[in-house]
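Keep the picture open while you read.

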Amino acid sequence: MITTEADPGNPTPRTPDDVPGWFWKADQQVFDWLLDRQTAAGTTGDILELGTYLGRSAILLGGHLGPGETLTVCDLFDSDAPDDDNSAEMSMSYRHTLTRRAFEANYLAFHRRLPTVIQAPTSVLADGRIPAGSCRFVHVDASHLYEHVADDIQVARAALGPNGLVSLDDYRSEHTPGVAAAVWQAVFDHGLRPVCLTPEKFYGTWGDAEAARHELCTRDWRAEGYRMDEETIAGHTVHRLAWDEPAGPAPQPPRRSTTRRLALDLLPPIATRALRRRLAAR
Ligand SMILES: C[S@@+](CC[C@H](N)C(=O)[O-])C[C@H]1O[C@@H](n2cnc3c(N)ncnc32)[C@H](O)[C@@H]1O
């Protein structure tokens with residue numbers, strides 16, 4: 001087992017949810033479900049993640065590896081970004097917290113071995129170092145710039161085996177229009193078939209989307225409190241799935257003290273106005 005020294009800035013996580021990141025309940029459950037269904041169906045293959053940050057999603061992915069399967073993660077971690085826009089994105093969102101060492105320590109809190117780590121821009125993956133058709137699941141969650149995401153989707157396409165699944169993060173966020181453009185371009189121009197949409201992620205395949213949707217629907221998501229709807233988008237049937245936190249009790253207006261309420265209710269209007277002014281001045 002590989003160990004890394006404890007880092008006082010990154011306390012050891014007790015659960016994957018202790019790891020900072022952007023990987024929430026609905027997507028955790030969809031990843032688990034789709035990967036488990038692949039395993040149950042005898043579909044084998046490696047797993048690839050583009051954009052790992054501190055490991056929140058990679059930790060879950062690593063828990064799904066079967067015998068002989070590998071997880072590869074690709075992230076800049078502490079390295080320079082390949083261009084100014086990407087560099088600005090890194091400075092704004094990740095630089096102050098992200099180190100490869102912190103990722104590795106987080107990952108090793110849950111797994112005996114590290115995945116294969118490629119510390120580089122995801123563009124290096126276009127050289128074919130991920131064998132074509134070797135993966136069953138690819139998570140694309142790195143740069144949010146159109147040109148990068150469009151290339152990352154092509155990397156995913158080449159890496160995926162028949163009926164492999166891709167998950168594309170931030171396909172509809174206000175601050176990531178480039179991701180939206182790249183994702184829907186892949187659908188309209190490059191044969192990507194949508195399977196499921198959560199608020200954060202698009203799931204699709206270049207294989208049998210109908211079969212993937214069937215696997216998704218073998219679970220009764222609605223009975224577990226999820227919202228699930230079916231949409232048709234340019235001839236593609238797709239499920240929208242979302243988890244709404246159960247609503248807590250409605251917020252109550254601040255309570256006035258009984259004396260204050262009685263005084264305001266019972267005093268004549270002029271006295272009440274004077275009292276209100278005095279109370280407001282406190
Ligand atoms: C949104 S975070 C990933 C979050 C992670 N998947 C999770 O669920 O917590 C995006 C990551 O992409 C990495 N990144 C940004 N641009 C990249 C690029 N061009 N190549 C490789 N990694 C990049 C950043 O370093 C950051 O760790």
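What follows is a set of questions and answers about this predicted model.

Q: What makes up the protein chain, in helices and strands?
A: The chain has 9 helices and 9 strands. Of its 282 residues, 44% count as buried.

Q: Why is Ser-167 called buried?
A: Buried means under 20% relative accessible area. Ser-167 has 0% relative accessibility, so it counts as buried. You'll find Ser-167 in strand β5. Leaving out residues up to four places away in sequence, Ser-167 touches Phe-31, Phe-137, Val-138, His-139, Val-140, Lys-201, Phe-202 and Tyr-203.

Q: Thr-176 lies in a loop, so why does Thr-176 count as buried?
A: The same test settles this one: the cut-off is under 20%, and Thr-176 comes in at 1% relative accessibility, so it counts as buried. Its loop runs between β5 and α6 (177-190). Neighbours within four places in sequence aside, Thr-176 is in contact with His-144 and Asp-170.

Q: How do you know that the buried residues of α7 are on the same side of the helix?
A: Start with who they are: Ala-209, Ala-212, Arg-213 and Leu-216, in a helix spanning residues 209-217. They cover an arc of only 100° around the axis, so they sit on the same side of α7.

Q: Which exposed residues does α7 carry on the face turned away from its buried side?
A: Those are Glu-210 and His-214. Exposed means over 50% relative accessible area.

Q: What covers the buried residues of α7?
A: The cover includes helix α1 (25-40) and the strands β5 (160-169), β6 (193-197), β7 (201-205), β8 (226-233) and β9 (236-243).

Q: What makes Asp-208 a cap for α7?
A: A side-chain oxygen of Asp-208 lies 3.1 Å from the backbone nitrogen of Glu-210, at the N-terminal end of α7. A polar contact needs N or O atoms within 3.5 Å, and 3.1 Å passes that test.

Q: Which residues come nearest to the ligand?
A: There are 22 residues around the ligand, and Ser-57, Asp-75, Asn-86, Thr-122 and Asp-141 come nearest.

Q: Which residues have the most contacts inside the largest nonpolar core?
A: That core has 39 residues, and the most contacts inside it belong to Phe-31 and Trp-221. Its largest share, 6 residues, comes from α1. A second, separate core has 31 residues, including Ile-130, Val-140, Val-166 and Val-187.

Q: What does Trp-221 touch, not counting residues up to four places away in sequence?
A: Trp-221 touches Gln-29, Val-30, Trp-33, Leu-216, Tyr-226, Met-228 and Leu-241. The word "touches" here stands for heavy atoms within 4.5 Å.

Key
Residues numbered from 1 in each chain as written. Predicted model: local features only at pLDDT ≥ 70, side-chain atom pairs only at ≥ 80, totals over all residues. Heavy atoms only, no water. Buried < 20%, exposed > 50% of the residue type's maximum accessible area, 1.4 Å probe, protein only. Helix = DSSP H or I, 4+ residues; strand = E, 2+ residues; numbered from the N terminus. Arc of directions from axis to C-beta. Polar contact = N/O pair within 3.5 Å; in protein donor to acceptor, adjacent residues only side chain to side chain. Near = heavy atom within 4 Å. Core = buried A, V, L, I, M, F, W, Y, C linked by side-chain atoms within 4.5 Å.
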